[in-house]
Amino acid sequence: MSKKVYCLAQFQPKPGKEAELFQILQSLEPNTLREDGCLQYRVTRQVPTPYADGKSFPIVFNEIWSDINAFEAHCQRDEIVNFFNTYCLAETGLAQDWNVCIYTDEPQGYDAPNVLK
(Lines give C-alpha, C1' and ligand atoms only; values in the text may rest on other atoms or scores of the structure.)
Protein backbone atom coordinates (compact mmCIF):
# COMPACT_ATOMS: atom_id res chain seq x y z
CA MET A 1 0.00 0.00 0.00
CA SER A 2 1.28 3.47 -0.74
CA LYS A 3 2.30 6.15 1.72
CA LYS A 4 0.65 8.76 -0.49
CA VAL A 5 -1.71 11.29 1.02
CA TYR A 6 -4.52 12.94 -0.88
CA CYS A 7 -5.61 16.45 0.01
CA LEU A 8 -8.81 18.28 -0.85
CA ALA A 9 -8.52 21.96 -0.01
CA GLN A 10 -11.88 23.65 -0.53
CA PHE A 11 -12.55 27.39 -0.58
CA GLN A 12 -15.77 29.39 -0.33
CA PRO A 13 -15.03 32.86 -1.70
CA LYS A 14 -16.66 35.97 -0.33
CA PRO A 15 -19.47 37.24 -2.60
CA GLY A 16 -18.09 38.57 -5.87
CA LYS A 17 -14.53 37.34 -5.13
CA GLU A 18 -14.55 33.89 -6.80
CA ALA A 19 -12.58 34.85 -9.94
CA GLU A 20 -9.97 36.78 -7.93
CA LEU A 21 -9.51 33.99 -5.39
CA PHE A 22 -9.26 31.37 -8.13
CA GLN A 23 -6.54 33.39 -9.88
CA ILE A 24 -4.54 33.76 -6.66
CA LEU A 25 -4.84 30.04 -5.95
CA GLN A 26 -3.63 29.28 -9.49
CA SER A 27 -0.54 31.37 -8.79
CA LEU A 28 0.44 28.87 -6.05
CA GLU A 29 0.69 25.98 -8.52
CA PRO A 30 4.09 26.58 -10.20
CA ASN A 31 6.21 26.72 -7.04
CA THR A 32 4.29 23.92 -5.35
CA LEU A 33 4.72 21.62 -8.34
CA ARG A 34 8.50 22.07 -7.90
CA GLU A 35 8.41 20.68 -4.36
CA ASP A 36 9.86 17.24 -3.75
CA GLY A 37 6.97 14.99 -2.89
CA CYS A 38 4.31 16.91 -4.83
CA LEU A 39 2.74 14.49 -7.28
CA GLN A 40 -0.33 16.57 -8.20
CA TYR A 41 -1.48 20.07 -7.29
CA ARG A 42 -4.34 21.46 -9.33
CA VAL A 43 -6.92 24.08 -8.42
CA THR A 44 -10.35 23.47 -9.93
CA ARG A 45 -13.69 25.25 -10.13
CA GLN A 46 -17.03 23.51 -9.72
CA VAL A 47 -19.07 23.33 -12.92
CA PRO A 48 -22.84 22.85 -13.04
CA THR A 49 -24.24 19.59 -14.40
CA PRO A 50 -27.36 17.61 -13.49
CA TYR A 51 -25.20 14.47 -13.28
CA ALA A 52 -23.08 15.76 -10.40
CA ASP A 53 -25.17 18.26 -8.50
CA GLY A 54 -23.79 17.72 -4.99
CA LYS A 55 -23.05 20.48 -2.54
CA SER A 56 -19.47 21.69 -2.30
CA PHE A 57 -17.36 24.79 -2.01
CA PRO A 58 -16.92 26.19 -5.54
CA ILE A 59 -13.09 26.10 -5.58
CA VAL A 60 -11.16 22.93 -4.73
CA PHE A 61 -7.47 22.01 -4.82
CA ASN A 62 -6.88 18.36 -5.72
CA GLU A 63 -3.49 17.38 -4.31
CA ILE A 64 -1.47 14.18 -4.13
CA TRP A 65 1.67 14.04 -1.98
CA SER A 66 4.25 11.27 -1.78
CA ASP A 67 3.80 11.07 2.00
CA ILE A 68 2.58 12.98 5.05
CA ASN A 69 5.99 14.60 5.58
CA ALA A 70 5.92 16.16 2.10
CA PHE A 71 2.41 17.50 2.72
CA GLU A 72 3.32 18.95 6.11
CA ALA A 73 6.48 20.56 4.70
CA HIS A 74 4.34 22.18 1.99
CA CYS A 75 1.97 23.59 4.59
CA GLN A 76 4.89 25.30 6.34
CA ARG A 77 6.30 27.05 3.25
CA ASP A 78 6.22 30.84 3.53
CA GLU A 79 4.15 31.20 0.35
CA ILE A 80 1.42 28.91 1.72
CA VAL A 81 1.44 30.41 5.23
CA ASN A 82 1.23 33.90 3.70
CA PHE A 83 -1.66 32.83 1.47
CA PHE A 84 -3.73 31.63 4.43
CA ASN A 85 -2.84 34.66 6.56
CA THR A 86 -3.67 37.13 3.77
CA TYR A 87 -6.64 35.56 1.98
CA CYS A 88 -8.30 33.35 4.60
CA LEU A 89 -7.57 34.63 8.11
CA ALA A 90 -7.42 38.39 7.48
CA GLU A 91 -10.67 40.32 7.71
CA THR A 92 -9.94 41.74 4.25
CA GLY A 93 -9.27 38.28 2.77
CA LEU A 94 -11.09 36.81 -0.21
CA ALA A 95 -12.17 33.51 1.38
CA GLN A 96 -15.31 33.36 3.45
CA ASP A 97 -14.63 29.78 4.53
CA TRP A 98 -12.23 26.94 3.73
CA ASN A 99 -11.80 23.28 4.53
CA VAL A 100 -8.53 21.35 4.13
CA CYS A 101 -8.55 17.57 4.66
CA ILE A 102 -6.13 14.78 3.86
CA TYR A 103 -6.92 11.18 3.06
CA THR A 104 -5.17 7.85 2.58
CA ASP A 105 -5.94 5.01 0.20
CA GLU A 106 -4.88 2.47 2.83
CA PRO A 107 -7.82 0.49 4.23
CA GLN A 108 -8.33 0.50 7.98
CA GLY A 109 -6.55 -2.41 9.58
CA TYR A 110 -4.53 -3.11 6.43
CA ASP A 111 -1.88 -5.73 7.09
CA ALA A 112 1.02 -3.80 5.59
CA PRO A 113 4.14 -5.86 4.93
CA ASN A 114 7.21 -5.09 6.97
CA VAL A 115 9.84 -3.54 4.75
CA LEU A 116 13.42 -4.45 5.53
CA LYS A 117 15.82 -1.55 5.51
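## Basis of the model

Residues are numbered from 1 along each chain as its sequence is written, and side-chain values use heavy atoms, with hydrogens and water left out. Because the model is predicted, local features need pLDDT of at least 70 and side-chain atom pairs count only at pLDDT 80 or more, while totals for chains, interfaces and linings use all residues.

## The sheet

Four strands form an open sheet in the order β2-β3-β1-β4, with antiparallel pairing. Strands (E, at least two residues) and helices (H or I, at least four) are DSSP runs, numbered from the N terminus. Two strands count as paired if DSSP finds at least two bridges between them. β2 and β4 stand at the edges, each with a single partner strand, so one side of each has no neighbour in the sheet. On average, neighbouring strands are turned by 10 degrees against each other, direction ignored. Such angles run from 0 to 180 degrees between N-to-C directions, and the axes are lines fitted to C-alpha atoms, for helices over the stretch in contact.

β3 is joined to β1 by seven bridges. Seven bridges also join β2 to β3. Ile-59 in β3 stands opposite Phe-11 and opposite Arg-45. Ala-9 has Phe-61 in β3 as its bridge partner. α3 packs on the sheet and touches β1, β2, β3 and β4; its direction makes about 135 degrees with that of β3. Five of the seven residues of β3 are buried, so the strand is largely enclosed by the rest of the structure. Buried means under 20% relative accessible area, exposed over 50%, and partly exposed in between (1.4 Å probe, protein chains only).

## The nonpolar core

The largest nonpolar core has 22 residues. A nonpolar core is a set of buried Ala, Val, Leu, Ile, Met, Phe, Trp, Tyr and Cys residues joined through side-chain atoms within 4.5 Å. Phe-11, Leu-21, Leu-25 and Phe-83 touch the most other members. At least two core residues come from each of β1 (5–13), α1 (18–26), β2 (38–45), β3 (59–65), α3 (68–75) and α4 (78–89). In soluble globular proteins, nonpolar side chains tend to be buried together.

Which residues does Phe-11 contact, leaving aside its neighbours within four places in sequence? The list includes Leu-21, Leu-25, Ile-59, Phe-61, Phe-83 and Trp-98. Contact means heavy atoms within 4.5 Å.

In α4, Ile-80, Phe-83 and Cys-88 are buried. They cover an arc of only 70 degrees around the axis, which puts them on the same side of α4. The arc is that of the directions from the helix axis to the C-beta atoms. Asp-78 and Leu-89 are exposed on the other side of α4. Among the elements covering the buried residues of α4 are β1, α1, α2, β2, α3 and β4 (95–103).

## Salt bridges

How many salt bridges does the structure hold? There are four. A salt bridge is a side-chain nitrogen of Lys or Arg within 4 Å of a carboxyl oxygen of Asp or Glu. Glu-29 and Arg-42 form one of them, with their closest N and O atoms 3.1 Å apart. This pair links distant parts of the chain: Glu-29 is in helix α2 (residues 29–33) and Arg-42 in strand β2, 13 residues apart. Glu-29 is buried at 8% relative accessible area, whereas Arg-42 is partly exposed at 44%.

Arg-77 and Glu-79 meet in a salt bridge at 2.6 Å, N to O. Salt bridges with shared partners join Glu-35, Arg-77 and Glu-79 into one network. Glu-79 is partly exposed at 24%, and Arg-77 is partly exposed at 22%. Lys-17 and Glu-20 also pair through their side chains, at 3.8 Å, N to O. Lys-17 is partly exposed at 33%; Glu-20 is partly exposed at 37%.

Cys-7 lies in strand β1 and is buried, with a relative accessible area of 2%. Beyond its neighbours within four places in sequence, its contacts include Phe-61, Phe-71, Val-100 and Ile-102.

Tyr-51 lies in the loop between β2 and β3. Its relative accessibility is 78%, so Tyr-51 counts as exposed. Tyr-51 and Leu-39 are 12 residues apart along the chain, and their C-alpha atoms are separated by 29 Å.
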